[in-house]
Amino acid sequence: MRIVDLLGKNSVVLNATPTSKEEAIDMLIELQLKAGTISDKEKFKQDILIREGSGSTAVGEGIAIPHARSEAVTAPSLAAMTVPEGVDYEALDGEPSKLFFMIAVPNDGDVHLEVLSKLTTMLMDDEFRENLLSATSTDEFLQIIDDAETEKNSPTTENKNDNNTNYRVLAVTACPTGIAHTYMAAEALEKAGEKLGISIKVETNGSGGAKNILTADEINSCDGIIIAADKSVEMSRFDEKYVIITKVSDGIKNPEELINKIVSGQTQVYHHNGAKSSDLSSQNDSVARNFYKHLMNGVSNMLPFTVAGGIFIAIAFLIDTIAGAPSDANFGTHTASAAFFKTIGGFAFNFMIPVLAAYIAMSIADRPGFLVGLVGGFLATTGSTFASVEGGVPSGFLGALFAGFVGGFLMLGLERICDRLPDFLNGIKPVLIYPLVGLGLIAVIMCAVNPIMGMINTGLTNFLSSMGDASKVLLGFILGAMMSIDMGGPFNKAAYVFGTAAIASGNYDIMAAVMIGGMVPPLAIALSTTFFKSKWNKDELKNGPVNYILGLSFITEGAIPYAASDPLRVIPSCMVGAGVAGALSMAFGCTLMAPHGGIFVFAVVGNWVLYLLSLAIGSLVGMILLTLLKKKHTVNA
């Protein structure tokens, strides 16, 4: 496949006059639509803007390459535009952008990546850019690209260092999407090396995986390594070597400066401590930004367990509903097929909280943090204490967040302490010292924290019992809000246990308020991701529709990833929505004799029409508050 195969005549406009960055993006998207490869214009634009949010795709020298992977792209395509007067696109060098290529990439398939890498490297040639800007027709524009690609593929233009086994300088380039900046930085470094007469090899970590991978022999014999990356790069292979760690944009802007620093010894020896390049190059980031990155690593790895497990449990409820099974405490397991889905879905849910903690800790401390976070998260689900290690009052996902962050930083501290040990112990640190000491410390910490959660739970139960019949509506609001405040933690469990106990004593209105409160958070989030897409990131939008199923099935845990990623906005919004739904349920005199099941047990709900109305109102209130409180999403993780 050649570049012109992705760039048709209808996808090129010459001498355009956009007056702003947003207008330039809109014009390029219109060109992409003409190619017929975009199924959803708004979704594609949102993904382009999300990518821009992580850093402008205007790389300097008058070039801008807006790009994104998107579900809205049905086939890889390019759009091009020349702007002779230039437009402010927030370029790296502060200059206006005059030459635009928009890259549309589907989520699956990597056949196009070689073509796109060729384009981005060709754009580093001054003469090539000038020829494109001076083109007077679309045919001439396309011919210039085709001729340049033919010349680049010629054997005479191959890298002179291809057969070199003793490179003075090595480099690794990587950007968040792995589409444009990765290859532009590589080309800039290779050109700078050729100009300076210094042999260099560059590994590109693009979306199709790592290419031109550095070998152990090359690493051992080189003068030093340049890491120009905005995403994680495996760093252990560079231990005890001279290394410069910087952003991918510096590889494009200052390649000669970086190479000169390596060959003149103006850098330091790198000592690997488990950190990744993205962590090392962002040490000056704010505390909040680093917290967010660690948190999102846990949330993104937890999502598959939430979605798959939740759908399996919903299927179990549906099967028992169709089979006419009684709506009792065993609802969802009466028939063999329902029991199968409920059990497997339950297993996935059991992993959900420990996985959240494990990957938060791993984000902080790399592999040594994984065990500590995983066990700490599991202890949060069991409520283990010194008195009863086998189980107690669970601390839920809030306890898992605590375990993940504490466990991660605990292991960082342990690694630094172990750096002082004799060198002959280095081999047993990762297999014995780190896991053994880390496991013991996190066990002590979590067994000390869980009883505090138990005290909170007991106090909450006593408080709810004291409210009585005089404040039914207020009680409904409190119960609904409690179901949303920690979504599986002590507040949630206290409200749920109170509701199930009320069933035994014949107070069915309490259980109705409890269940509707647990249904609102996923539904509010699902509605918000459907109608207010700009508030959420790519993964959140992708998994948003699943929350319709989880919410209607009374699986509050579907909201956990969203609450974990932005607790100060998501949790209060869901609490108010859930509280309103619980209060209305009480006010309308709705009742429920089943302890679970969501919409699948509405047949045994008293006043089910008003119950459904309460659910709708509460979900809408939660959605509105989410929309008002959440900021427009601008971060591309």
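In which strand does Leu592 lie?

**Figure 1. Overview of the chain in the predicted model.** The secondary structure of the chain consists of 24 helices and 14 strands. The chain has 637 residues, of which 52% count as buried. Among contacts between residues at least 6 apart in sequence, 73% join residues at least 24 apart.

**Figure 2. Leu592 and its place in strand S13.** Leu592 belongs to strand S13, which covers residues 591–592. Its relative accessibility is 0%, and Leu592 therefore counts as buried. Met511 is 81 residues away from Leu592 in sequence, yet the two C-alpha atoms are 5.9 Å apart in space. Leu592 is also one of the residues that touch the most other members of the largest nonpolar core, which is the subject of the next view.

**Figure 3. The largest nonpolar core, with 39 residues.** Within this core, Leu479, Ile510, Met515, Leu592, Phe602, Tyr611 and Leu615 touch the most other members. Several helices each supply at least two residues, including H12, helix H17 (472–485), helix H18 (490–504), helix H23 (567–587) and helix H24 (608–629). Helix H19 (508–531) gives the most to this core, with 10 residues. Apart from this core lies another one, of 38 residues, whose members include Met302, Ala357, Val372 and Ile433. In soluble globular proteins, nonpolar side chains tend to be buried together.

**Figure 4. The surroundings of Phe602.** When residues up to four places away in sequence are not counted, Phe602 touches Met515, Met519, Trp608, Tyr611, Leu612 and Leu615. Of these contact partners, Met515, Tyr611 and Leu615 are, like Phe602 itself, among the core members that touch the most others.

**Figure 5. Helix H19 and its kink at Val520.** The 24 residues of H19 should span 34 Å at 1.5 Å a residue, and the end C-alpha atoms lie 35 Å apart, which agrees. A kink of about 30° is found at Val520, shortly before the proline Pro521. Because 21 of the 24 residues of H19 are buried, this helix is largely enclosed by the rest of the structure.

**Figure 6. The aromatic pair Phe305 and Phe351.** The model holds 7 aromatic pairs. In the pair shown here, the ring centres of Phe305 and Phe351 are 6.2 Å apart and the planes meet at 50°, so the pair is tilted. Phe305 lies in helix H12 (residues 287–322) and Phe351 in helix H13 (residues 336–365), so the pair ties together parts that are 46 residues apart in sequence. Phe305 is partly exposed, at 26% relative accessibility. Phe351 is likewise partly exposed, with a relative accessible area of 49%. Elsewhere, ring pairs link Phe312, Phe340 and Phe341 into a cluster.

**Figure 7. Helix H13 and its bend at Ile353.** H13 has 30 residues, and the distance from its first C-alpha to its last is 44 Å, close to the 44 Å expected at 1.5 Å a residue. The helix bends by about 30° at Ile353, and the proline Pro354 follows within four residues. Just after H13, Asp366 adopts a positive phi of about 60°.

**Figure 8. Helix H7 and the residue that follows.** Helix H7 (residues 181–196) contains 16 residues and reaches 22 Å between its first and last C-alpha atoms, close to the 22 Å expected at 1.5 Å a residue. Its buried residues include His181, Tyr183, Met184, Glu187, Leu189 and Gly193. Just after H7, Gly197 takes a positive phi of about 70°.

**Figure 9. Phe128 in helix H5.** Phe128 is located in helix H5, which covers residues 126–133. With a relative accessible area of 6%, Phe128 is buried. Leaving aside neighbours within four places in sequence, Phe128 is in contact with Met122, Leu123, Ile144, Ile145 and Ala148. Of these, Ile145 is 17 residues from Phe128 along the chain, and their C-alpha atoms are separated by 8.1 Å.

**Figure 10. Lysine side chains over aromatic rings.** The charged end of Lys21 sits over the ring of Tyr89, at 5.0 Å from the ring centre. Lys630 lies over the face of Trp536, 4.6 Å from the centre of the ring.

Technical notes:
Residues numbered from 1 in each chain as written. Predicted model: local features only at pLDDT ≥ 70, side-chain atom pairs only at ≥ 80, totals over all residues. Heavy atoms only, no water. Phe/Tyr/Trp six-rings, centres within 6.5 Å; stacked < 30°, edge-to-face > 60°. Buried < 20%, exposed > 50% of the residue type's maximum accessible area, 1.4 Å probe, protein only. Lys NZ or Arg CZ within 6 Å of the ring centre and 35° of its normal. Core = buried A, V, L, I, M, F, W, Y, C linked by side-chain atoms within 4.5 Å. Contact = heavy atoms within 4.5 Å. Expected span 1.5 Å × (residues − 1). Bend = angle between axes of the 7 residues up to and from the residue.
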